[in-house]
Every structure is written in C-alpha cells, then in structure tokens.
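Here are my notes for a colleague who has not seen this structure before. Keep the model open while reading the numbered points.

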Amino acid sequence: MKKLISTLTNIWKIEDLRTRILNTLLFLLIYRIGSHIVLPGVNPAALDQEAKEGLLGLLNMFAGGSFSRSAIFALGVMPYISASIVIQLLGIAVPYFQKLQKEGESGTKKMTQITRYLTLVITLLQSVAYIRSQISPEAIMMAEPLFTVLSTIILTSGTMFVMWLGEKITDKGIGNGISLIIMVGIIAQLPGGLIQEWASRMGGNGGPIPFILEMVALFAVVVFTILIVQGVRKIPVQYAKRIVGNKQYGGVRQYIPLKVNTSGVMPIIFAQAIMFVPMTIPQFFPNLQSSFITSLSDYTSVAYNVTFAFLIIGFTFFYTAIMVNPQQMADDMKKNGGFIPGIKPGIATSGYIDGVLSKITLPGSVFLAIIAIFPAIATLLGVNSQFAHFYGGTSLLILVGVVLDTLQQIESHLLMRHYDGLMKTGRMKGRTAVSSSTASSPI
C-alpha cells in the first residue's frame with residue numbers, strides 16, 4: 001500500500017504526466033456523456049433495450065452501450081477502424097499506398113487524411129443502415145425524410161467527433177486515444193453485467209459460492225490472456241563492428257521480438273463478421289433455412305464454436321503473413337550489417353525467420369481460438385450473456401492490451417525522470433518494450 005501511494009505521488013509530481021492524465025480523463029468523460037444523449041426525434045422508452053448478440057452485441061459493447069440506446073455516438077469509432085483496416089490492406093496490394101508507407105512522416109500524414117475521408121464515407125452509409133434497421137418506427141417522433149437526413153448528419157458528426165477525441169487523447173493525453181475510447185466503452189458494460197450476475201446468483205441460482213468461483217475463473221482467464229499478449233520469441237541479431245573516425249559502431253547483440261500473437265484481435269473480428277452471415281441468410285432466403293444454418297446462428301452451439309475456432313486459426317496465419325514480411329526484415333538486417341548467428345544473410349535468414357514465425361503462430365492461433373470461445377463456454381455454464389463477454393473474445397484482448405500499453409507509457413514517464421516504475425522490481429514489459437531497428441513491421 002505504501003508503494004502504491006508513493007507511486008501515485010510521484011505521478012502527480014510530474015507536471016507533464018499529470019496534465020496528460022487529466023486531459024485523458026476529461027476527453028473520456030466527454031465521450032461518456034455523449035454516449036447517453038439520444039438522437040433528436042427518438043423516444044427512448046420505445047427503443048428495443050434487449051441485449052444484442054453476435055456482431056451487433058460486439059458493436060454495442062465497443063460503443064459503450066450507445067448503439068442500443070440510439071445515442072449520437074451510436075456508431076462509435078467502428079467506421080474509423082473499418083477505414084483503417086481497408087487502408088492497411090491497400091498498403092499491401094496497391095503500389096500507390098506502398099509508396100506512401102515508404103515516404104515517412106509525409107506519407108503517414110497523407111494516409112491519415114485518406115483514412116479520415118474514407119471514415120466519412122463509411123459513416124454516412126452505416127448511419128443510414130443503422131437508422132433503417134436499429135430504430136423501430138414506433139420510436140420515431142419526427143416526420144420522414146427529415147428524421148433520416150437529420151439523424152444521418154448527427155451520427156456522422158458524432159463519429160467524426162469521437163475520432164477527433166481519440167486523436168486529441170493520443171496527442172495531449174496518455175495512451176492510444178482510439179484504443180482507450182473502445183476500452184472505456186467495454187468497461188462501461190462491466191458494472192451492469194456484474195450486478196445482473198450477482199442478482200441472479202442471490203435470487204436462488206446458486207448463491208455466493210458460484211459467484212466467487214466465477215471471479216476466480218475470470219482472474220485466471222485474464223492472467224492467461226496477458227501471457228498470450230506478452231509472449232514473444234526473441235531472435236538474436238549480431239551487428240558487425242564498424243570504425244568511423246575515432247568511434248566504433250556496431251558489435252552489439254540485439255533481438256527481433258516475434259510476438260506469439262502478432263495479429264492481435266483482428267482474426268476474431270474477421271471471423272465474427274463471417275459468422276454473422278448465417279444469421280442473415282434466413283431473412284433473405286427463408287427456404288434455405290436448415291438445422292445446420294440454425295446451429296451456426298447460435299453462438300453457444302458446438303457447430304458455431306468449432307467453425308469459429310477454425311476461422312480464427314486461419315485468419316491468424318493470414319493476417320500474420322500480411323503484417324510480417326521476413327524477406328524485408330532480412331534485407332534491412334543485411335543493409336545494416338546485421339546477421340543471425342549461425343544463419344547466412346539473405347534468403348537463409350528470411351527462411352529462418354519465416355520458420356520461427358510459423359512455429360509460434362500455430363500455438364498462438366490455437367490459444368487465441370480458445371480465448372474467443374470462452375464466453376460461449378461461460379454462457380453454457382450459467383453465466384449471464386452480458387457478463388460472459390468479459391471471459392474472453394475481442395473485449396478481453398482489447399482490455400488487456402490497452403491497459404498494458406497505457407501503464408507502460410506511464411512507467412516510461414516515471415523512469416525518464418528517475419522515479420521508481422510501477423513494478424516493485426524490474427521494468428514492466430509491454431507490447432512495445434523490446435524493439436529492433438531491423439524490424440520494419442509492427443511486431
């Protein structure tokens with residue numbers, strides 16, 4: 001306790017860090033207030049407040065519940081994330097975007113501007129779809145088409161404002177702004193899930209013992225997830241000695257950190273989007289409805305979870321192959337005079353890195369699939385669906401990753417000013433704690 005108080009005191013003493021934390025809290029407070037402001041012309045009492053499942057439930061969690069309450073921030077930052085993913089994929093396939101990636105800061109600014117324009121287009125399309133599909137006619141208290149036009153403008157403006165808030169948090173606050181906004185939206189759903197689960201257990205559904213066991217199980221799952229997020233395989237890289245004038249360069253050993261979970265949460269998001277397709281087939285083709293399609297629409301069924309797991313494993317390999325380029329890493333290493341001990345530079349180095357990456361990606365993808373299906377297992381064991389989301393999947397991975405990154409940034413500020421870090425001994429190892437100049441991809 002004394003160590004905690006001392007650390008908090010040191011954080012408060014650093015003016016820059018204190019200002020950044022207060023700015024972050026202020027921006028997040030603005031976001032949470034906007035998440036409760038309902039669209040003009042909508043009757044909140046007539047809205048469907050039932051818990052949403054599947055992809056809609058994921059969107060509602062990312063938006064902090066504003067998706068289900070038809071708030072001005074109902075779409076949250078998901079259009080921006082979709083636009084970022086599209087631009088990222090274009091950077092692999094389209095030469096123009098590949099050129100921008102190599103132009104440094106100027107190219108990054110151009111890609112950021114393109115991402116913003118694409119976010120605007122995606123938000124306009126999603127706003128119309130949201131109004132038509134998620135707001136029931138009984139809840140609309142304004143004449144058409146005025147309501148659709150006005151709501152589209154407000155939803156689009158809300159998403160662009162949230163995107164601006166995220167950028168301001170990154171610049172003026174602490175941590176990654178967009179990630180923190182998503183994390184706050186997810187955490188906002190936790191108290192309601194805990195209260196529902198406690199009320200259910202105390203209402204004759206097992207008593208306090210099962211609730212305590214659930215908390216222990218949740219802690220174990222969080223620890224397991226941290227191990228997956230933090231896990232890296234270090235490849236040693238030796239640099240040749242160079243003498244320039246009277247100074248010696250190189251001759252040191254560094255490491256290329258290959259993450260066990262290189263792809264992050266993207267495989268789960270892609271797989272979840274595909275698993276949403278069977279749920280929409282009966283709506284357009286009623287004659288094609290079968291027992292297999294019905295089972296794929298139930299996220300607690302064996303067919304759904306087996307298919308979901310295999311899709312995650314496949315997408316993990318696919319996204320890892322996109323994100324990490326062993327050939328480019330080997331070329332950069334060769335240009336900088338670096339080599340892996342015992343491995344010839346060039347093609348042999350590329351093959352070695354690719355082999356190591358494949359070996360660690362397989363267990364990483366299997367563990368990622370296990371984490372993704374934990375919520376379904378928790379639901380089958382009697383946990384309410386809102387609380388079960390925190391036992392795994394995208395929400396837990398985002399929470400763990402964002403918290404670790406934010407804490408690492410705070411610790412960096414402390415260590416830079418010669419204060420003790422957040423850990424009692426040693427340094428906190430975050431996702432970016434180990435770096436190498438030879439790694440050109442985000443690893």
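This is a predicted model: local features need pLDDT of at least 70, side-chain atom pairs count only at pLDDT 80 or more; totals for chains, interfaces and linings use all residues.

1. L26, L29, I30, I33, I37, F161 and W164 make a nonpolar surface patch of about 630 Å². Two elements, α2 (15-34) and α7 (146-172), each give two or more residues to the patch. Helix α2 supplies the largest share, with 4 residues.

2. Look next at F161, which has its place in helix α7.

3. **The main core.** Now go inside. The largest nonpolar core holds 88 residues. I181, I182, I186, L258, F308 and I312 have the most contacts inside this core. Helix α16 (residues 347-380) gives the largest share of the core, 11 residues. There is also a second, separate core of 6 residues, and I11, I14, L17 and I410 are among them.

4. **Y304 and F308.** The model has 9 aromatic pairs. One of them joins Y304 and F308, with 5.7 Å centre to centre and 45 degrees between the planes, a tilted pair. Both residues lie in helix α14 (residues 302-323). They are 4 residues apart, about one turn of the helix. Y304 has a relative accessibility of 6% and counts as buried. F308 is buried too, at 3%.

5. **F387 and Y391.** How are the rings of F387 and Y391 arranged? Their centres are 5.5 Å apart and their planes stand at 85 degrees, so this pair is edge-to-face. The cut-off for that class is over 60 degrees. F387 is buried, with a relative accessible area of 0%. Y391 is buried as well, with 6%.

6. **R20 and D16.** Turn to the charged pairs. Side chains of opposite charge can pair when their charged atoms come close. The count here is 4 salt bridges. In one of them, R20 pairs with D16, and the closest N and O atoms are 3.6 Å apart. R20 and D16 are 4 residues apart in helix α2, so about one helical turn separates them. R20 is partly exposed, with a relative accessible area of 22%. D16 is partly exposed at 34%.

7. **A network around R201.** Which residues are linked in a network of salt bridges? They are E197, R201 and E214. R201 meets E197 at 3.1 Å, N to O. Both of these residues lie in helix α9 (residues 190-202), 4 residues apart. R201 also forms a salt bridge with E214, where the closest N and O atoms are 2.4 Å apart. This pair links distant parts of the chain: E214 is in helix α10 (residues 208-230), R201 in helix α9, 13 residues apart.

8. Are R201 and E197 buried or exposed? Both are buried. For R201 the relative accessibility is 7%. E214 is buried too, with a relative accessible area of 7%. The limit for this class is under 20%, so a value of 7% falls within it.

Key
Residues are numbered from 1 along each chain as its sequence is written. Side-chain values use heavy atoms; hydrogens and water are left out. Rings of Phe, Tyr and Trp (its six-membered ring) pair if their centres lie within 6.5 Å; planes under 30 degrees apart count as stacked, over 60 as edge-to-face and the rest as tilted. Buried means under 20% relative accessible area, exposed over 50%, partly exposed in between (1.4 Å probe, protein chains only). Patches are made of residues with over 30% relative accessible area and no salt bridge: like charges are joined within 9 Å, nonpolar side chains (Val, Leu, Ile, Met, Phe, Trp, Tyr) within 5 Å. Accessible areas come from the Shrake-Rupley method with a 1.4 Å probe; for residues, only the protein chains shown count as cover. A salt bridge is a side-chain nitrogen of Lys or Arg within 4 Å of a carboxyl oxygen of Asp or Glu. A nonpolar core is a set of buried Ala, Val, Leu, Ile, Met, Phe, Trp, Tyr and Cys residues joined through side-chain atoms within 4.5 Å.
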